[in-house]
Amino acid sequence: MINRYFYKSSLLDFVIDSADTIFGKISKNDEGDSVKEQKYAWSEEIEIMQKILLPWKRENGEIIFEYSIPRLGKRIDVVVLLRGIVFVIEFKAGKQEYLQSDMEQVMDYALDLKNFHLDSHHRTIVPILVATEAKTYTQELFFSVYNDKIYNPLLTNAENLGELMEAVLNREDASPVPISNYESWAISRYSPTPTIIEAASALYQSHTVEDITRHEAAGAALEETTQYVLDIIKRSKLRGEKSICFVTGVPGAGKTLVGLNVAIQQSIKAENENDSERNLAVYLSGNGPLVKVLTAALAKDKQKREHEKGNKCNITDAKREVSQFIQIIHRYRGNMLAKIKLPIENRKLEIDETKSVAHHTAGHGEVEHVAIFDEAQRSWDLEHLAGWLAKGGSRGGMKKVPDFPMSEAEFLIWSLDLRKDWAVIVCLVGGGQEINTGEAGIGEWIRAVNETFPDWKVYLSKHLTDKEYAEGNVAELVRENPNAHQVDQLHLAVSMRSFRAENLSKFVHHVLDRDAEKARIIYQDIREKYPIVLTRDIKKAKRWLEDKARGSERYGIVVSSQAYRLKPLAIDVRLQPDIESWFLADKMDVRSSLFLEDAATEFDIQGLELDWTCLVWDGDFRYTPNEWNHNAFRGSKWQKIRQPEAQSYQLNAYRVLMTRARQGMIICVPEGNVDDYTRQPEFYDGTYNYLKSLGLEEV
């Protein structure tokens, strides 16, 4: 779409123009996407708005139809700019009831404009839901819970819409404004920071990364990196080469978004290719909850869009389509393991011709030419993978594969190397984020290429030589590889994390580093935009979350996977949440995060976000005057964690938990119980007093 809207006009021109002419202009910009019901709705909306706006036709103002909100992948039905106020109007033609989901939708539009649309930051925004045939309408006008000049959604039928708008103008004592007041509103800079779920959904609907990123710099960087990777893919195909590239970035820069963008764009290209040999890409992640939630979210998007077009689409078919380009890495690995000859002899993998039929170009490899591995540094080392396979997986239910000779990185490269034509591996690399044992780090990927696959082309970010990657030994590892190329385009230097607090990660770093003075200084800088508050009462924490959220903003409880003594607070970490429902279901579903019953751990929520979180801090990780005290609950008592590696994983777990909220969080440190030897007050008091000393407000 060239413009952000389908139609824009002054109030006077809109009122005096013919409805057919206006409809024609809207339809012309529609690019043929909308179904018949939508086109009928436009006719009704035009008729209603022409009548409603008659009293103000001589005033400076504008009306806009179908204004794009790319972060949400949607469009606002009608925006009216009048006397400095932004009226955001969502029509439900022929409806007699006001649905909660519709109220949340129009509130989301208002919040999106207030937070991300530059020319709306200072304006009063009035979301209005119009159920055209409703019998009742809003009688009282209220701002929402924040002092940010956004009204609570107003509800009205078509007949009373004008009366309601006039009531708002009177309440605001709004006077006519010069035309210059609106000159740039429709093209004002739009700077969103989407959640990974929103971003994936928008990309899946063919939005660009510039549409859905907050900073122009971030959008440009993401697009440049994506394009560079796509160029590597194109070059590898033309030359019949096999290539591996490593994408790095600062925390929150959008490495996962690059991977999804490449997978989706390459898959779209594949769909458009007429030849039988399509150049498919697959996004692979070892983060099971992330894959599950993204797959479910995109499948629901797919189903909804197909239904809007009048097509049948069940959720199973939609998930199957999405799973073509988003998969859990274990499934991909399992497919390849099923093809190898057993037992393994002489520490060499061979294909069992009785289990696999070679393809003329793919050989015994998978159908995809391109595999994107998120969090590639977390691939398992040889010892961990071989041990896991030897015992038949985590629970021993898989076929046992003894004497496996490769690390996960080497095996995945081997899998792509089976192709007879060309292949590309994209490794998305984070630094200093390990929370699991057996993670080999990025050095293992480079070692595997150097020693086993020397013909592969290697493209890596110059920043891959930084200390947090392979202990700073990457430069040494690639020095003797003539096929290695270091480039600037594979590093993302601009963070697009929480739109309210870009310095949150620094604050958390100083908190966990026990540098109270630096943490205190940063918090004073972010507290107005990003509240972090304290309580010792879980009921107060839940109320705080419910009071903060507006529209469809999500909130939930997060805890450490070691937080075994929160059971008296009705939080049992042994009961894993239904993570798909936890992230996607509404507040009427008991499995939803919004129901505030099930808690997510660092393993459930890593790579994902909520708007607001409650971190319940147990006695597993305790502040003392000299050090953090690391503990694990074994049997019926706490035991010290003494291994430095395990202590590091626990520290990183709390780092993950403290950076999952986009807009703010409440930290609940229980008071403990003197009568319970596993929950003594001293297990909690030190942590609470430390956090309070940083300036966090108590509620």
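## A briefing on the sheet and its aromatic neighbours

Arg-536 lies over the face of Tyr-688, 4.5 Å from the centre of the ring. That contact comes from a predicted model, so please read everything below as a description of a prediction. The chain has 699 residues, and 56% of them count as buried.

**The chain as a whole**

- The chain holds 23 helices and 23 strands.
- Take the contacts between residues at least 6 apart in sequence: 75% of these join residues at least 24 apart.

**A sheet of 3 strands**

- E19, E20 and E21 form an open sheet in that order, and their pairing is antiparallel.
- E19 (621-623) and E21 (637-640) are the edge strands; each has a single partner strand, so one side of each is left without a neighbour in the sheet.
- On average, neighbouring strands in this sheet are turned by 40° against each other, direction ignored.
- E20 covers residues 628-634 and pairs with E21 over 4 bridges in the antiparallel sense.
- Helix H22 (residues 644-657) lies across E19 and E20, and runs at about 100° to E20.

**Aromatic rings**

- Across the whole structure, a search finds 22 aromatic pairs.
- In one of them, Trp-628 and Tyr-690 have ring centres 5.9 Å apart and planes at 80°; the angle is over 60 degrees, so this pair is edge-to-face.
- The pair links distant parts of the chain, with Trp-628 in strand E20 and Tyr-690 in helix H23 (residues 682-693), 62 residues apart.
- Are these two residues buried or exposed? Trp-628 has a relative accessibility of 8% and counts as buried, and Tyr-690, at 4%, counts as buried too, because the cut-off for buried is under 20%.
- Trp-628 and Tyr-690 also belong to one aromatic cluster, together with Trp-617, Phe-621, Tyr-623 and Tyr-654.

**Charges over rings**

- Arg-622 places its charged end over the ring of Phe-683, 3.8 Å from the ring centre.
- The arginine from the opening, Arg-536, is placed over the face of Tyr-688.

Key. Residues are numbered from 1 along each chain as its sequence is written. This is a predicted model: local features need pLDDT of at least 70, side-chain atom pairs count only at pLDDT 80 or more; totals for chains, interfaces and linings use all residues. Side-chain values use heavy atoms; hydrogens and water are left out. Two strands pair if DSSP finds at least two bridges between them. Helices (H or I, at least four residues) and strands (E, at least two) are DSSP runs, numbered from the N terminus. Axes are lines fitted to C-alpha atoms, for helices over the stretch in contact, and angles run from 0 to 180 degrees between N-to-C directions. Contact means heavy atoms within 4.5 Å. Rings of Phe, Tyr and Trp (its six-membered ring) pair if their centres lie within 6.5 Å; planes under 30 degrees apart count as stacked, over 60 as edge-to-face and the rest as tilted. Buried means under 20% relative accessible area, exposed over 50%, partly exposed in between (1.4 Å probe, protein chains only). A charge sits over a ring if NZ of Lys or CZ of Arg is within 6 Å of the ring centre and within 35 degrees of the ring normal.
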